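Colleague: I would like to go through this model with you, a few topics at a time. Could you open the structure, please?

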Amino acid sequence: MSALEESKSEPRRRIQFAFTDEQEQFRAAIRRFLADKSPTTEVRRLMATAEGYDPKVWRQMSEELALPGVHIPEQYGGAGFGMVELCIVTEEMGRALLCAPYFSTAVLAGNAIMNAGTEEQKAKLLPDIASGARLATLAITEPNGNWDPSSIETVSRFRIDGAKSYVVDGHIADLLIVAARVPSSSGRDGLGLFAVEAKDAGVERRQLESMDPTRKLARIDFRGAHATLLGELDDGGKRIQRTMDQAAIALANEMMGGAQALLDSAVKYSKMRVQFGREIGSFQAIKHKLADMLLEVELAKSAAYYAAQAAAINDPEWPALASLAKASASESYLHTAIETIQIHGGIGFTWDNDTHLWFKRAKSSEIFLGLPSYHRELLMQRWGV
Amino acid sequence: MSALEESKSEPRRRIQFAFTDEQEQFRAAIRRFLADKSPTTEVRRLMATAEGYDPKVWRQMSEELALPGVHIPEQYGGAGFGMVELCIVTEEMGRALLCAPYFSTAVLAGNAIMNAGTEEQKAKLLPDIASGARLATLAITEPNGNWDPSSIETVSRFRIDGAKSYVVDGHIADLLIVAARVPSSSGRDGLGLFAVEAKDAGVERRQLESMDPTRKLARIDFRGAHATLLGELDDGGKRIQRTMDQAAIALANEMMGGAQALLDSAVKYSKMRVQFGREIGSFQAIKHKLADMLLEVELAKSAAYYAAQAAAINDPEWPALASLAKASASESYLHTAIETIQIHGGIGFTWDNDTHLWFKRAKSSEIFLGLPSYHRELLMQRWGV
Amino acid sequence: MSTPTEAEVRTEVREWIAANWNPDMSLLEWRTKLADSGWGAPQWPKEWYGRGLPHSLVRVVQEELAAVGAVGPAASGVRMLAAATLLEHGTDAQKKKFLRRILTGEDTWCQFFSEPGSGSDLAGATTRADLKGDFWIVNGQKVWTTSAHHADHGLLLARTDWDVPKHEGMSYFVIDVKQQGVDVQPLKQMNGHASFNQVFFTDAKVPKENLVGKVGEGWKVAMTTLAHERRGADGLAPPSKKGRKEGRIHAEERAENDKANEPYRWYPQRAGRVDLILERAKETGADKDPHVRQEIAKLMIMAKSAEWTARRARAAQQQGRPQGPEGSLGKLAASHVARGCARVHTMMTGTEAMLTGKESPREGIIAEILVSVPAVSIAGGTDEIQRNIIAERVLELPKEPRFDTGPFRNVRRN
Amino acid sequence: MSTPTEAEVRTEVREWIAANWNPDMSLLEWRTKLADSGWGAPQWPKEWYGRGLPHSLVRVVQEELAAVGAVGPAASGVRMLAAATLLEHGTDAQKKKFLRRILTGEDTWCQFFSEPGSGSDLAGATTRADLKGDFWIVNGQKVWTTSAHHADHGLLLARTDWDVPKHEGMSYFVIDVKQQGVDVQPLKQMNGHASFNQVFFTDAKVPKENLVGKVGEGWKVAMTTLAHERRGADGLAPPSKKGRKEGRIHAEERAENDKANEPYRWYPQRAGRVDLILERAKETGADKDPHVRQEIAKLMIMAKSAEWTARRARAAQQQGRPQGPEGSLGKLAASHVARGCARVHTMMTGTEAMLTGKESPREGIIAEILVSVPAVSIAGGTDEIQRNIIAERVLELPKEPRFDTGPFRNVRRN
């Protein structure tokens with residue numbers, strides 16, 4: 001991390017279209033770590049467990065690479081980097097399909113606390129997140145599956161009542177950050193983020209059977225659980241939305257890591273597989289499909305990178321770009337997954353071939369945080385159209 | 001036509017998925033006629049004229065093949081066939097890109113009069129249409145370009161006032177059938193079809209510069225022109241819609257004739273053109289493109305044929321199918337045209353190559369009578385969704 | 001002897017049924033009667049468990065069997081492809097040994113054609129059969145075999161000569177599946193089902209007399225099997241739909257069907273369940289969303305058009321006209337429809353589509369669609385192979401230049 | 001002699017400009033000064049109208065010229081490709097004869113590479129050049145030549161040996177366009193413009209000394225021309241944007257530019273005019289339609305992403321890192337964007353899109369988009385060729401097997 005620390009001091013005011021050498025080194029270090037700790041044998045082992053992650057690897061990620069706090073300021077125990085570095089982490093995790101509560105703890109809960117918490121709350125909650133000591137998550141969506149915060153019905157003041165669903169790693173989180181509203185508020189008003197201890201007697205958690213077994217989901221029912229409001233209620237809706245926009249960007253980058261892994265595997269297989277006396281990659285049908293896949297991946301990757309850069313410098317357009325990147329990554333990742341199965345032929349549809357692991361992540365990520373059509377509409381609104 | 005006359009006596013009560021031998025012979029006769037009379041040299045000559053058609057060929061079509069009245073009952077001087085035969089005619093004309101006022105006179109005006117006219121009016125107006133003696137057209141859309149009859153603003157009782165635009169062959173028609181509403185009506189109420197003589201002093205016509213020079217359009221301004229209501233006002237809106245639905249089906253079939261002509265030319269060229277020491281049709285890039293084009297054309301053709309059959313037997317679903325067929329044909333024809341240019345390469349973009357003649361017809365037909373998205377929405381409504 | 005009339009056949013079979021049918025028989029007992037009388041496969045030759053009737057009269061027999069709710073001969077799975085192949089290429093000894101037990105259902109069959117290394121390129125098979133004394137010794141691996149774990153016999157395509165071009169070096173055998181040396185393993189798919197097997201051959205034995213056709217003619221014989229597969233079941237009695245369904249025989253038949261159909265349970269989901277689209281639109285409220293309405297309409301237009309295209313193909317065939325391109329296009333259209341369904345089901349279902357299993361929409365059916373659809377553009381010939389076929393056979397474009405001619409030994413392979 | 005510093009160059013050129021620039025000169029007079037002083041092409045060698053400056057200092061000269069609004073050397077069209085090619089492969093006599101008049105703008109150039117029979121397959125050219133005495137005699141046809149009707153000289157790729165493989169039998173010439181035997185015809189496109197020419201050669205003459213490079217090395221020389229074409233204008237002074245624009249010289253430059261740019265007037269429409277999409281959405285009210293909004297968003301996402309992808313490629317290059325795949329993908333992305341624009345413009349414009357010309361929306365611009373977009377996926381290498389390049393050069397997939405090796409005489413061709 002020493003190379004990275006130098007780069008912190010340079011404030012970036014413009015969108016960068018290339019990663020710095022330090023960022024590339026950071027990426028390489030994570031890639032090496034994940035190649036070692038998260039081969040698909042491990043992914044398959046962990047996705048079949050109820051917890052869905054390996055606490056030892058989580059500890060190593062936290063202690064050796066300080067990943068859960070990469071984006072958390074140093075005064076709260078983090079590494080003090082920003083969105084670009086966070087997205088490098090998620091991209092590499094998406095590539096390796098790492099099974100770990102990173103998106104929930106670092107991306108969702110970490111950003112939520114940073115966006116909403118008072119100084120005191122941040123000082124209390126963030127160090128344990130940055131160090132990996134506690135797992136956390138964010139509960140936004142309710143059983144109706146709506147990603148628009150205005151639709152939240154869970155109510156809270158000092159006690160919280162309602163139901164949340166599709167909560168990532170909700171079954172293992174120690175700390176739940178819950179989006180809820182004060183009684184008799186509606187729409188974007190009266191919304192806030194509340195911290196709830198998972199072990200509270202008023203919290204009941206149930207793991208859901210998720211299509212993507214590498215990302216566990218839970219339903220959480222709150223019946224009078226103790227809740228602490230993070231910050232003020234004033235602009236809670238905005239803080240929730242900001243957290244979701246950051247999550248969309250981190251997810252888009254995670255997705256592009258996965259898409260690249262698939263594309264690489266399709267290219268590799270097409271150079272190796274022989275039919276009719278020649279590598280299938282020498283047939284234009286495969287060749288042109290792969291060229292189209294590369295184009296699609298590169299375009300979506302450019303969007304994901306650009307959005308991370310824009311968020312990092314707080315470019316006013318960044319929330320629009322979050323939607324742009326999420327929509328683009330969703331289409332690109334899923335299409336890449338479908339075509340990677342196709343290029344593998346029959347073997348690509350088997351359980352023993354690894355392609356379906358990424359396919360299911362692609363399918364589920366297309367939906368998570370809102371479908372492409374939802375984000376395209378949001379993009380238009382945010383562009384003022 | 002003798003073979004055809006026999007088939008008239010057989011009432012068909014079910015959708016037919018194959019043309020009868022008589023229908024195939026009828027088609028062959030038209031195809032021979034058009035191959036002779038409408039080679040692309042003629043298309044190019046006529047599209048550059050103001051009138052846009054050859055009166056001699058029109059006379060031959062009318063006298064030798066009785067085409068303008070193919071769908072008009074015998075008591076009004078027609079051949080007494082129905083939608084299926086009318087659509088065979090338009091399909092062949094679309095294939096040959098015939099420049100003639102057939103769609104306007106036979107399809108639009110002919111059906112409008114049959115749908116709305118009293119016995120007396122039909123007996124007066126249809127024989128001249130069936131014999132080809134008079135040219136006619138239907139004026140529906142107004143300068144706002146809306147294809148929904150509810151949006152009509154032109155008013156009429158005995159005199160007509162308003163403006164119509166995008167009127168096919170409006171510059172040469174002798175008889176104008178005009179969709180208008182009685183004063184102070186709105187929506188679907190108070191609509192009717194009115195017959196107006198083009199030479200009336202209150203009619204001012206101006207040819208528009210159309211993207212597709214093989215189909216001429218006009219703007220017509222009515223200032224107190226004499227108008228005769230066809231039939232009653234009761235369900236004028238329905239009669240107008242019925243006419244437009246029939247037109248959509250005839251147009252869909254016309255479009256599929258054009259799409260097939262393009263596909264044939266693309267296949268032929270790809271077997272002939274050599275690059276890199278082999279026919280370009282031996283490259284999978286071209287091969288698979290052509291296979292996809294064939295699929296798209298066949299699917300849309302099935303829809304166009306099915307819709308014509310359904311209309312012919314007055315299947316209750318036929319208006320929905322009109323929208324289905326129009327939407328499908330629009331996408332298929334335009335895509336076939338784009339890909340046919342692509343397969344021809346640079347030469348396909350030149351004026352001297354014939355492809356652009358069909359491309360422009362495809363582009364303009366995509367829009368004429370309503371865009372695919374308009375018809376898809378209409379389809380859903382008509383299906384009760 | 002002249003062909004009997006329809007009335008004669010109807011009378012004769014009706015009388016035979018009246019005398020023999022009884023739903024309290026065992027399935028085997030009844031099917032033995034069907035096989036021995038020739039009424040089970042009336043279009044087969046008289047000498048081979050049939051009655052030599054023309055195809056046009058088979059319907060009459062089926063109607064009469066159906067009228068009383070009688071069960072037909074065993075017809076599920078690969079057994080009827082085996083019968084058709086043996087009737088055309090088998091020796092008398094083979095016909096005698098296998099055909100009767102096919103009709104009675106005593107034997108179950110499977111097909112050993114595809115290999116891990118030869119999927120699209122079936123003629124690239126490398127499973128070998130070497131003649132040692134009176135036995136062919138088989139070594140290699142086959143894959144995508146349905147129900148091999150239940151099968152008694154397998155139709156095996158294996159390479160017997162490596163020094164001739166690929167299509168000329170294969171032979172066709174009937175192999176006993178239940179022997180040491182044949183190891184049948186389930187092959188699990190990404191949707192969790194295990195509808196197929198992979199089968200490993202290690203010095204498995206095939207007696208000389210089980211060679212079907214001549215040595216080196218295996219490809220030709222396999223083409224017969226595949227042609228019948230494409231054509232579907234061969235006019236044999238379908239499960240009867242009318243009549244009483246009680247009695248021992250029906251219970252036995254249902255058990256047999258359940259077992260035979262088990263591998264195919266997810267096939268409707270693989271095809272995308274277009275039948276659920278409009279229902280789901282209303283159920284989810286997606287019918288209120290103008291953009292989703294457009295996507296639904298696009299999908300339904302494609303699905304309807306594909307259906308009508310198939311009917312045009314059938315109608316042309318019935319009229320004895322050249323079939324036209326419509327038939328070959330169906331498989332490609334089915335891929336588009338299935339992929340479109342997966343997309344639209346996702347749009348309509350929304351966040352719930354992240355779930356699977358009992359708690360998920362339609363008790364897991366929607367989830368199963370999403371993870372099954374990728375198979376449709378691969379199974380039975382990939383979309384890419386279909387496009388080649390359409391381009392070369394329908395549009396008559398120049399063939400792909402070949403790189404797998406000459407002695408198979410020298411052909412590049414996996 | 002050592003390289004001068006930036007400050008030295010700046011001082012020197014500034015003094016030279018102060019002493020020489022005057023907007024009331026004729027264009028030729030000024031450019032003659034530029035050429036003779038070496039400031040017009042400072043990166044060219046000193047002995048050839050340049051000053052031997054490194055590329056990094058060219059910017060300084062451009063800045064100083066721009067600062068006073070001074071006109072640069074003639075740079076439009078093919079002339080700079082000609083100069084780059086001659087600098088690399090030309091004889092001293094050729095450089096002397098052509099380079100100075102390129103800079104002064106006295107000569108206009110064009111490029112004779114593509115033929116009706118060799119579009120994607122440029123090396124399949126069949127225009128022939130046969131040596132007769134002191135002249136090469138040229139026969140054949142070239143096509144897609146921009147501004148041949150204005151050109152003095154053409155860069156000609158012609159076949160001089162039919163008995164060697166295709167890439168080895170071509171030679172490269174400078175041909176005098178204004179001679180009998182060269183017939184330049186306009187080539188009208190489907191959008192009504194005639195931006196290109198087709199050119200017929202009938203016993204046209206090229207003096208021996210106009211051979212560029214050696215006999216048989218034409219392909220290699222042509223690659224230099226094409227590489228410069230892909231790279232775009234070669235760091236020569238762009239038209240200055242600052243400073244006064246009055247005076248005779250500016251009028252003359254504008255006239256020159258108008259003439260040079262005439263063939264490119266429809267190029268923005270060919271690219272689809274994505275810049276108009278959001279404006280038109282508001283103008284037409286299409287921004288109220290939820291389905292059109294989705295289509296607009298899809299298109300804008302693609303267009304923006306393509307722009308960012310191009311910037312990533314440039315950034316990687318600037319950092320001296322391997323360029324990555326981003327650069328080669330731009331052309332393919334541009335096709336998608338253009339086609340998407342045509343679709344969305346149609347949806348937004350509706351019925352008015354059936355019209356063309358002055359009365360139609362945006363005075364015919366929308367109509368021109370619709371009939372121009374089909375060129376974008378063809379011109380400069382079809383999408384299919386781009387996919388081959390991406391697959392083979394970027395993804396390093398196995399090359400397409402070749403059927404055009406061996407003596408060109410025996411290669412199948414049109």
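Colleague: Where is the place of Glu396(D)?

Modeller: In this predicted model, Glu396(D) sits in the segment after α13 (383-394) of chain D.

Colleague: What is its phi, about?

Modeller: Glu396(D) has a positive phi of about 55 degrees, although it is not a glycine. Most residues other than glycine have a negative phi.

Colleague: Is Glu396(D) buried or exposed, and why?

Modeller: Glu396(D) counts as exposed because it has 11 C-beta neighbours inside 10 Å, and the cut-off for exposed is 12 or fewer.

Colleague: What about Asp169(B), which also is not a glycine?

Modeller: Asp169(B) has a positive phi of about 55 degrees. Its place is in the loop of chain B between β3 (159-168) and β4 (175-181).

Colleague: Buried or exposed, for Asp169(B)?

Modeller: Asp169(B) has 26 C-beta neighbours inside 10 Å, so it counts as buried; the cut-off for buried is 20 or more.

Colleague: Let us change topic to helix packing. At what angle do α12 of chain B and α10 of chain C pack?

Modeller: Helix α12 (residues 372-382) of chain B packs against helix α10 (residues 290-318) of chain C at an angle of about 85 degrees, and their axes are 9 Å apart. That makes α12(B) roughly perpendicular to α10(C).

Colleague: Which residues meet there?

Modeller: From α12(B), the residues are Ser373(B), Arg376(B), Glu377(B), Leu379(B) and Met380(B). They meet Arg293(C), Gln294(C), Ile296(C), Ala297(C) and Lys298(C) in α10(C). The residues of this contact of α12(B) with α10(C) divide into 4 nonpolar, 2 polar and 4 charged.

Colleague: And how many residues does the contact take from chain C and from chain A?

Modeller: The contact takes 37 residues from chain C and 32 residues from chain A. On the side of chain C that touches chain A, α11 (326-349) and α12 (365-372) each supply at least two residues. The most comes from α12(C), with 3 residues. That side of chain C divides into 15 nonpolar, 13 polar and 9 charged residues.

Colleague: Finally, chain A itself. How many helices and strands are there?

Modeller: Chain A has 12 helices and 10 strands. Its C-alpha atoms fill a box of roughly 70 × 50 × 45 Å along the principal axes.

Colleague: What radius of gyration does chain A have, against that of a compact globule?

Modeller: Chain A has 21 Å, which agrees with the value near 21 Å for a compact globule of 385 residues.

Colleague: How much of chain A counts as buried?

Modeller: Of its 385 residues, 64% count as buried. Among contacts in chain A between residues at least 6 apart in sequence, 73% join residues at least 24 apart.

Notes:
Residues are numbered from 1 along each chain as its sequence is written. Chains are lettered from A and ligands numbered from 1 in the order in which they are written. This is a predicted model: local features need pLDDT of at least 70, side-chain atom pairs count only at pLDDT 80 or more; totals for chains, interfaces and linings use all residues. Two residues are in contact if their C-beta atoms, placed from the backbone, lie within 7 Å. Helices (H or I, at least four residues) and strands (E, at least two) are DSSP runs, numbered from the N terminus. Ala, Val, Leu, Ile, Met, Phe, Trp, Tyr, Cys and Pro count as nonpolar, Asp, Glu, Lys and Arg as charged, and the others, Gly among them, as polar. The radius of gyration is taken over C-alpha atoms; the globule rule is 2.2 Å times the number of residues to the power 0.38. Axes are lines fitted to C-alpha atoms, for helices over the stretch in contact, and angles run from 0 to 180 degrees between N-to-C directions. Angles under 35 degrees count as roughly parallel, over 145 as roughly antiparallel, 65 to 115 as roughly perpendicular and the rest as oblique.
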